[in-house]
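User: I have not looked at this one before. Can you walk me through it?
Analyst: Here it is; ask as you go.

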Amino acid sequence: MTMRFFNTYSRKIEEFEPRDPAGHAVSIYTCGPTVYSRAHIGNFRAYIFEDLLQRHLELRGYKVHRVTNITDVDDKTIRGAREAKVPLTKFTEQFKKAFFEDAETLRIKRADEFPAATDQRYIDRMIEMIGELIARSLAYQADDKSVYFRINKFPNYGKLAHFDLAQLQSTGRVKHDEYDKEHIGDFALWKAWDEEDGDVKWDSPWGPGRPGWHIECSAMATALLGDQIDIHCGGVDNIFPHHEAEIAQSEGVTGKKFVRYWLHCAHLLVDGQKMAKSLGNFYTVPDILAKGYAGRELRYALLRVHYRVPLNFTWEGMKEARESLGRIDEWLQRLRQVAEKENVQRATPINREHASNIQRPTQQFEEALDDDLNISAALGFLFESIRETNRAMDQDEMDAATANAWLDWWKRINTVLDLELETEIAVPAEVTQLAEQRENARRQKNWKRSDQLRDQISALGWEVRDTKDGQKLTPLAAA
Ligand SMILES: [Zn+2]
């Protein structure tokens with residue numbers, strides 16, 4: 001079964017063929033966070049879509065190499081650091097940490113690499129690329145000392161966003177500092193240092209300054225994935241100018257087609273409106289957790305709508321997410337009970353005819369995802385299967401083998417969904433016994449013995465805590 005994706009470049013559904021002649025390896029570049037504030041749930045909608053893409057490709061046997069960049073220098077990060085009166089790296093560090101925390105809460109698979117724009121390796125690569133572009137007359141240094149890309153010299157400019165340059169000329173608003181440019185649409189590759197930048201600067205053949213946002217991605221993508229990559233993702237607001245500029249810069253340097261498939265995720269709305277701090281509808285992951293929701297519930301709420309359809313986030317939707325996951329949890333619990341039950345215990349033999357209908361877990365889930373990641377259809381099949389198998393279990397018409405087959409199917413599709421309730425790890429009997437002895441020792445106020453037992457318990461990899469409800473055992477975190 002071939003996969004099909006809607007390619008923003010062609011505006012068509014295309015069959016997916018990776019560059020790898022063996023057809024196994026797939027390279028993916030996804031634009032990551034700009035670490036000037038905590039990412040909001042709209043950003044995470046896009047990251048969850050990219051996670052779904054990677055996981056489904058892997059389910060279908062592809063070996064994915066994914067790179068997600070961290071933009072840790074741009075106007076917003078510099079302004080934030082200046083206002084907080086801390087060095088840029090210190091300022092961005094907290095938001096990098098927050099990004100990884102939130103991604104983990106939402107069970108987003110880590111990319112293979114998270115290059116940061118301020119890494120000297122990539123700064124060098126950016127400078128090298130800008131030099132090449134100047135040598136090819138695709139870029140120039142203006143009177144303001146900044147270096148700009150000359151869009152008139154790149155005939156394909158505008159192809160991704162599907163608009164022509166004349167349009168850009170008439171609608172562009174000319175800012176004072178843009179009079180230096182040859183064309184209003186020319187974008188900065190290298191921004192000359194000014195006082196506002198403080199000590200944020202790097203040396204270059206064009207004087208001190210810092211890279212433009214677009215060149216950061218071109219440099220990191222080509223440095224880590226080569227001149228040509230299979231899939232490039234981002235939110236729809238990245239299409240122009242960011243991704244358009246990435247194409248111009250990368251192809252301007254390499255002369256090769258930069259990206260085979262451009263996939264873009266639609267916006268997230270909150271209560272039907274664009275998220276904005278001023279509207280009080282701006283949410284981060286911790287904001288949702290603070291309302292008592294779990295990471296997997298938010299993951300489900302952000303995952304369940306097709307990525308090209310705008311998603312309307314509501315609290316009602318969070319309640320629905322909780323209910324849907326509750327149905328899955330309950331279904332799995334029932335299947336496990338049936339799977340464990342011995343057939344001999346049955347009062348009546350199974351109606352084989354009925355059982356055969358529900359015997360084979362469906363392929364439809366995976367085929368729906370092959371079709372441009374149609375997650376809503378895939379989830380539709382999942383819940384249809386849950387209804388049917390529940391009915392069979394209600395009527396005691398499912399045997400252990402069938403229940404096991406469904407559990408195996410769930411295990412497979414859950415590598416894509418990652419929505420299962422995390423079960424508590426069972427405490428080993430040996431640890432429980434030691435904990436009981438410790439409780440006795442404490443009752444006898446034998447603190448020395450209590451401490452010895454605590455050490456024995458921790459030697460077995462468990463931590464014992466004394467709470468008002470008695471002792472609590474938790475596995476020690478792996479070092
Ligand atoms: Zn980017």
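User: In what sense do strands S6 and S7 pair?
Analyst: This is a predicted model. In it, strand S6 (residues 147-149) and S7 pair in the antiparallel sense, over two bridges. Tyr 148 stands opposite Ala 188 in S7.

User: How many bridges join S7 to strand S8?
Analyst: Three bridges join S7 to S8 (residues 209-211), and these strands run antiparallel. Lys 191 is found opposite Arg 210 in S8.

User: Changing topic. What coordinates the zinc ion?
Analyst: Cys 31 and Cys 217, each through SG, and His 242 through NE2, at 2.1 to 2.2 Å. The spacing of these donor residues in sequence is C-x185-C-x24-H.

User: Where do Cys 31 and His 242 sit?
Analyst: Cys 31 is in the loop between strand S3 (25-30) and helix H1 (41-59), while His 242 belongs to helix H7 (residues 239-254). The pair therefore ties together parts that are 211 residues apart in sequence.

User: Are those two, Cys 31 and His 242, buried or exposed?
Analyst: Both Cys 31 and His 242 are buried, which means under 20% relative accessible area.

User: Now the helices. What span should H10 have, and what does it have?
Analyst: H10 has 26 residues, which at 1.5 Å a residue should span 38 Å. The end C-alpha atoms of H10 are 38 Å apart, so the two values agree.

User: Which residues of H10 are buried?
Analyst: Among them are Gly 317, Met 318, Asp 329, Trp 331 and Val 338.

User: What do the buried residues of H10 pack against?
Analyst: They pack against helix H8 (285-289), H9, strand S13 (311-313), H13 and H14.

User: H13 then. How many residues does it have, and how far does it reach?
Analyst: Helix H13 (residues 375-394) has 20 residues and reaches 28 Å from its first C-alpha to its last. That is close to the 28 Å expected at 1.5 Å a residue.

User: Which of the H13 residues are buried, and what covers them?
Analyst: The buried ones include Ile 375, Leu 382, Phe 383, Asn 390 and Met 393. Their cover includes H1, helix H9 (295-303), helix H10 (315-340), helix H12 (364-370) and helix H14 (400-417).

User: What happens just after H13?
Analyst: Asp 396 takes a positive phi there, of about 55 degrees.

Notes: Residues numbered from 1 in each chain as written. Predicted model: local features only at pLDDT ≥ 70, side-chain atom pairs only at ≥ 80, totals over all residues. Heavy atoms only, no water. Donors = N, O, S within 2.8 Å, 3.2 Å for Na, K, Ca; no water. Helix = DSSP H or I, 4+ residues; strand = E, 2+ residues; numbered from the N terminus. Buried < 20%, exposed > 50% of the residue type's maximum accessible area, 1.4 Å probe, protein only. Expected span 1.5 Å × (residues − 1). Contact = heavy atoms within 4.5 Å. Pairing = 2+ DSSP bridges.
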